[in-house]
Number of protein chains: 2
Amino acid sequence: MQASHDTRQRIINAAQELIYASSYNEVGVQEICDHARVKKGSFYHFFPSKRDLALAVLEQSHTFMRDEIINKSFHDDIPPLARIERFFTLLYEFHKDSRENTGSVFGCPFGNLGGEMSTQDEDIRNKVDSIFTASEKPFEKALAEAVERGDLQAIDTAATAKAIFAYTEGIMLYAKTSNNPELIRELGKHALQLTVAVNMQ
Amino acid sequence: MQASHDTRQRIINAAQELIYASSYNEVGVQEICDHARVKKGSFYHFFPSKRDLALAVLEQSHTFMRDEIINKSFHDDIPPLARIERFFTLLYEFHKDSRENTGSVFGCPFGNLGGEMSTQDEDIRNKVDSIFTASEKPFEKALAEAVERGDLQAIDTAATAKAIFAYTEGIMLYAKTSNNPELIRELGKHALQLTVAVNMQ
DNA sequence: TTTTTAGTTGACTGGTCAGTTAAATAAAGG
DNA sequence: CCTTTATTTAACTGACCAGTCAACTAAAAA
């Protein structure tokens with residue numbers, strides 16, 4: 001116990017940072033340990049496998065996103081639909097900062113891991129899927145409130161929330177592949193269109 | 001030249017299949033060669049590196065998608081907006097078949113590779129980005145035609161096409177992480193909402 | 001027929017992969 | 001104090017990684 005008592009936490013933090021900046025398969029356990037100033041043997045004292053570390057990283061990233069983006073966006077100090085707009089603003093600022101500080105847009109940590117690992121690891125796929133489903137909820141709540149207030153005509157709030165969140169994932173992927181955070185701002189503006197009923201002949 | 005003359009093509013086909021079903025970093029050159037019935041030395045006769053193979057795979061996948069989904073969807077035998085709906089129908093059927101035959105929804109081959117590799121390989125990122133940009137074009141063309149016909153009020157067709165394609169990427173990622181092709185059908189229904197102007201107070 | 005070129009083969013490199021093990025050390029509890 | 005438990009350390013495993021190389025074969029060009 002020469003090292004401090006937060007070894008496990010340092011490992012998660014290092015993995016979160018390294019995997020988010022590249023990919024699960026590109027980052028090795030050794031590299032994570034070096035970055036966390038931990039010996040590999042210690043790593044396997046705290047985690048049965050690299051895969052279990054990934055699940056812990058997903059959990060921590062979910063907490064981070066909920067605290068730093070979701071909760072701040074959906075606070076009820078402004079009208080419900082404005083909260084959705086604020087969500088895209090905060091998302092944009094987060095990725096713009098990342099782009100300025102690191103040179104890269106990293107996209108969505110859940111979408112990244114889900115896209116890479118869903119066909120290889122069922123536990124990771126399920127974890128990402130549950131995070132996605134949970135992330136729809138604040139959108140759904142805002143939409144229901146907007147309908148109640150009369151800001152929106154009656155819609156299927158659950159389906160619409162899912163559509164908006166799927167759109168968000170697409171936007172983040174697009175921003176990553178173009179390495180351009182501005183896409184989040186430009187495409188985010190269209191998100192509320194998914195809330196209106198459309199009548200095509 | 002004991003083996004047939006299509007060695008290079010067999011390598012690309014094997015890589016396309018294997019990488020699409022898992023991920024770039026999960027599939028090794030040796031595994032690709034085994035699957036293509038080619039010795040590893042031959043591989044490096046045709047490709048300078050695994051990365052260059054990935055670029056060739058992206059090119060071939062792009063051709064496939066254009067021929068099998070894009071062109072079939074956007075043929076002008078039906079009205080322009082109906083072509084966009086047909087695109088999601090074909091996309092759904094493709095992934096439903098995949099799910100039935102393999103047990104898994106694999107998502108978008110470009111989105112998968114872009115999400116995994118964009119921060120690690122600039123050439124791959126640029127290739128995916130250019131495929132994305134090219135894929136917006138048939139949407140844009142259909143939208144412009146719809147505006148011309150009076151099916152749609154005047155909109156920014158380029159921005160809307162980009163929004164619809166980003167939404168498509170999000171849908172495919174969501175379908176992959178939930179391993180559920182039905183999401184493509186259910187969420188695809190909302191795509192045309194991105195074509196209408198919205199007026200929120 | 002001889003030379004050149006394209007393609008094939010299998011053995012090989014050095015490095016890295018995830019994961020293991022046994023012993024050492026430190027902290028906590030009695 | 002002594003025992004138990006948690007944690008750390010370094011050396012290790014065997015498999016696999018992308019990529020190299022020189023020798024070989026066959027077809028095409030001269």
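Biologist: How much area is buried between chain B and chain A?

Modeller: Buried area is the accessible area (1.4 Å probe) that two parts lose on being put together, summed over both. In this predicted model, the area buried between chain B and chain A is about 4200 Å², and carbon and sulfur atoms give 64% of that. Local features here need pLDDT of at least 70, side-chain atom pairs count only at pLDDT 80 or more, and totals for chains, interfaces and linings use all residues. Side-chain values use heavy atoms, leaving out hydrogens and water; residues are numbered from 1 along each chain as its sequence is written, with chains lettered from A and ligands numbered from 1 in the order in which they are written.

Biologist: How many residues of each chain are in contact?

Modeller: Contact means heavy atoms within 4.5 Å. By that rule 52 residues of chain B touch 54 residues of chain A.

Biologist: How many salt bridges does the rule find across the interface?

Modeller: A salt bridge is a side-chain nitrogen of Lys or Arg within 4 Å of a carboxyl oxygen of Asp or Glu. Between chain B and chain A the rule finds zero.

Biologist: Which element gives the largest share of chain B's side?

Modeller: Helices (H or I, at least four residues) are DSSP runs, numbered from the N terminus. On chain B, the elements giving two or more residues to the side that touches chain A are α6 (109-117), α7 (122-149), α8 (157-177) and α9 (182-188). The largest share, 13 residues, comes from α8(B).
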